[in-house]
Amino acid sequence: QEEEKWDFVLVSDIHEVGSEKEIKRKKFLDELSKKGFVIKKIEDRKLFYGVRAPQHYFHRYQCLLRNPESRLQTPSCDIPATTRIRIVNFILHNTVTSDLEKLHNLIKKKVFRAAFPLHEQEGLTEILTERWARWRDIFCQQPIERIRCYFGEKVALYFAWLGWYTYLLGFAAVVGLVVFVAGITVFNTSQVSKEICEATDTIMCPLCDQKCSFWRLSETCTYAKVTHMIDNEGTVLFAMFMAIWATVFLELWKRQRATVVTDWDLYRWDEDEEELALELINNLQHEPRRYQHSYFRSTILLLLALLMIAVLIGSAHALVVVRVVAMALFAQSSIELLREQANTVAVMAGAVLHYITILIMTKVRTPAAGSGSSPCSSRSILSSHFKPLSRRSTRRWPPSSVIWVRGSTRLGTAPLIPSQCHPSGCITDLFIQMAIIMMLKQTISNVVEYFGPWIKLKLRRRKQHPKKSNVILEEDEEAEDPCKRQWRDNYELNEVNRFSLFDEFLEIVTQYSFTTIFVAAFPLAPLLAFINNLVEIRLDAIKMMRLYRRMVPRKANDIGIWLQVLEAIGILAVIGNGLVITITSNFIPMQVYKYTYSPCATGNRTDVDCLTGYINHSLSTFRIQDSELDSEMPKALLDRHEVKEYRDYRNTEDYSHTAQFWHILAVRLAFLILFEHVALCIKLIAAWYIPDVPQSVKNKFLERKHNNLRKDLRWVMPRRCQG
């Protein structure tokens with residue numbers, strides 16, 4: 001039984017005898033034979049070569065990387081399967097033929113079609129398939145230790161981090177749901193929405209320059225109620241809560257990660273030492289690569305980053321222009337529904353456009369990331385994975401959805417008047433965008449992510465196995481080698497992309513950014529993210545176990561640069577939520593009116609709502625004679641010389657800004673600075689208050705050091721006595 005366990009399988013086409021590809025394949029296999037590898041050949045529609053490494057490679061690895069205090073002990077014969085696969089993968093990809101070609105060169109030239117480790121037929125495979133990679137276990141705890149034993153520490157840390165993130169996201173989801181439900185309870189009680197619903201005589205300016213009609217403010221009664229459901233004091237408190245939650249989540253993850261990797265005895269694992277050990281195992285004459293730094297290369301990368309930022313700014317402006325143009329076109333449409341709901345339809349169209357932009361940018365690959373050094377080098381993998389990180393993750397933001405940027409329109413001889421958000425505020429537009437983007441990502445993206453590889457696998461198997469009669473099929477199964485079916489089934493699985501785990505991290509980190517940065521406008525974001533993550537964990541498990549070949553296990557003791565990315569997003573979340581509350585939300589103008597201009601502030605009335613009169617206060621008057629718009633004039637305006645209103649703080653005579661405008665602007669800036677400083681200070685205090693490493697982990701290392709020193713002292717004391 002032991003003889004039938006193979007570390008790796010190489011797959012090749014059946015080439016003509018004496019052809020160039022056949023000669024190159026033979027040279028590579030001869031090099032493996034010289035290193036002591038056992039090779040088994042099975043011929044089917046393809047040529048399969050099972051390879052098994054000799055034991056001395058694994059003994060060397062154990063001797064080189066064992067703890068210093070146990071180096072004189074006899075190496076253990078029990079080598080984990082993940083370690084065997086990792087060592088064999090490194091040797092295979094660093095074996096050089098007489099033509100100075102490595103395995104990845106031969107795969108590129110189609111000498112070999114694939115090289116992969118096998119999914120086991122029993123043991124861990126059955127346990128993970130039955131208890132982890134199933135939809136019915138969606139609410140069950142993940143077997144992280146078993147995942148580590150099968151896929152290695154890097155994949156196990158990804159699922160441990162995703163599970164921890166989902167667990168803490170549940171608390172944020174509950175708070176967000178409470179805030180949203182609280183907003184629903186005051187759906188009909190807002191004084192602002194009441195005034196809008198009762199404003200049947202308030203005529204508003206057209207939404208575009210041509211063929212757009214005047215409209216009554218009371219026509220948007222429902223929109224105003226929805227806006228107040230989102231834009232209230234609870235949303236501001238929830239944004240502050242999420243800023244603190246993001247810090248607490250990261251600090252608690254650091255503690256969880258320290259506990260997990262300590263149990264794995266990897267807390268002080270050194271990646272450079274691991275790579276050097278593998279190099280020496282493969283080639284005793286190996287010389288280490290020296291660290292180098294090129295200022296020229298750094299300058300080029302900096303210029304490319306600046307260019308990408310410029311492209312993003314241009315894209316943001318383009319999306320805003322497209323949305324404004326779409327709203328104007330919808331407002332002039334012959335379809336009554338589009339004409340009446342022009343702004344809402346334009347917002348929804350913009351959200352779909354943002355989603356499509358995200359998908360396109362996700363598929364953009366950096367050429368440098370796909371080429372370079374050997375794929376088995378840990379350092380090269382990290383560099384190729386994380387160099388494009390800033391560019392690719394930045395490309396996934398929908399920049400124009402951060403703040404609703406107001407355009408402008410010229411009304412005849414009047415100056416530029418901002419094309420208005422709704423008088424109740426702009427935050428509903430951002431709410432609609434966030435809802436559409438997150439729901440599309442959780443439905444369409446997950447469906448494609450699962451059914452894409454599933455359909456490819458079904459088509460590949462149907463192509464490889466045309467229908468045969470039952471008699472012929474039974475005879476073939478009885479005659480074939482027991483390894484043949486296993487190797488063929490593994491080969492038919494989808495190929496594992498070297499960016500697979502990177503893309504999984506990027507997907508969740510992007511979701512994390514949406515959940516934290518825009519939570520002031522979309523309090524349901526944590527709830528949708530929580531539901532998505534429950535599905536994502538099982539979806540990734542099913543893909544890895546049933547739809548894709550086995551990943552080459554990688555060693556790791558943290559999630560790498562993603563921790564720094566998450567910390568940066570936490571800071572951006574404070575800034576983003578502050579901007580949403582300050583600029584997009586109507587929170588600041590209402591508070592200024594409430595405490596400065598309202599009946600409560602003047603002290604004349606105490607029996608009315610303090611926001612009484614806010615709508616009339618926030619609208620400005622426009623003279624009809626200044627208009628050159630090609631718009632249908634309502635009958636109520638034929639005998640009038642002015643129309644009220646448009647949303648802004650301007651004088652009637654010259655359309656200049658009023659004192660209230662500058663007052664509100666000053667309060668906006670002051671609130672933004674205060675909000676950001678308070679939130680950042682709370683984040684710093686929370687980060688200081690929660691230790692990164694649990695005391696149990698520190699005490700474990702303290703006891704270990706103490707025991708080692710006592711052992712050393714026992715060796716020293718008798719020698720001194722004898723002297």
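A disulfide joins Cys 600 to Cys 610, S to S 2.2 Å; the term means a pair of cysteine sulfur atoms within 2.5 Å. This is a predicted model: local features need pLDDT of at least 70, side-chain atom pairs count only at pLDDT 80 or more, and totals for chains, interfaces and linings use all residues. Residues are numbered from 1 along each chain as its sequence is written, and side-chain values use heavy atoms, with hydrogens and water left out.

The link of Cys 600 and Cys 610 is left-handed, with -95° about the S-S bond. Cys 600 is partly exposed at 28% relative accessibility (buried is under 20% relative accessible area, exposed over 50%, partly exposed in between; 1.4 Å probe, protein chains only).

How many disulfides are there by this rule? Two. Cys 197 is also joined to Cys 221, S to S 1.8 Å. Here the torsion about the S-S bond is about 80°, so this disulfide is right-handed. Cys 221 is buried at 17%. Cys 197 is partly exposed at 21%.

**Now the helix pair**

Helix 10 (residues 233-263) and helix 27 (residues 659-689) pack at about 30°, axes 9 Å apart. Helices here are DSSP runs (H or I, at least four residues), numbered from the N terminus. The two are therefore roughly parallel, a label for angles under 35 degrees. The contact (heavy atoms within 4.5 Å) includes Val 236 and Met 240 of helix 10, and Phe 671 and Phe 675 of helix 27.

Note on methods
Axes are lines fitted to C-alpha atoms, for helices over the stretch in contact, and angles run from 0 to 180 degrees between N-to-C directions. Angles under 35 degrees count as roughly parallel, over 145 as roughly antiparallel, 65 to 115 as roughly perpendicular and the rest as oblique.
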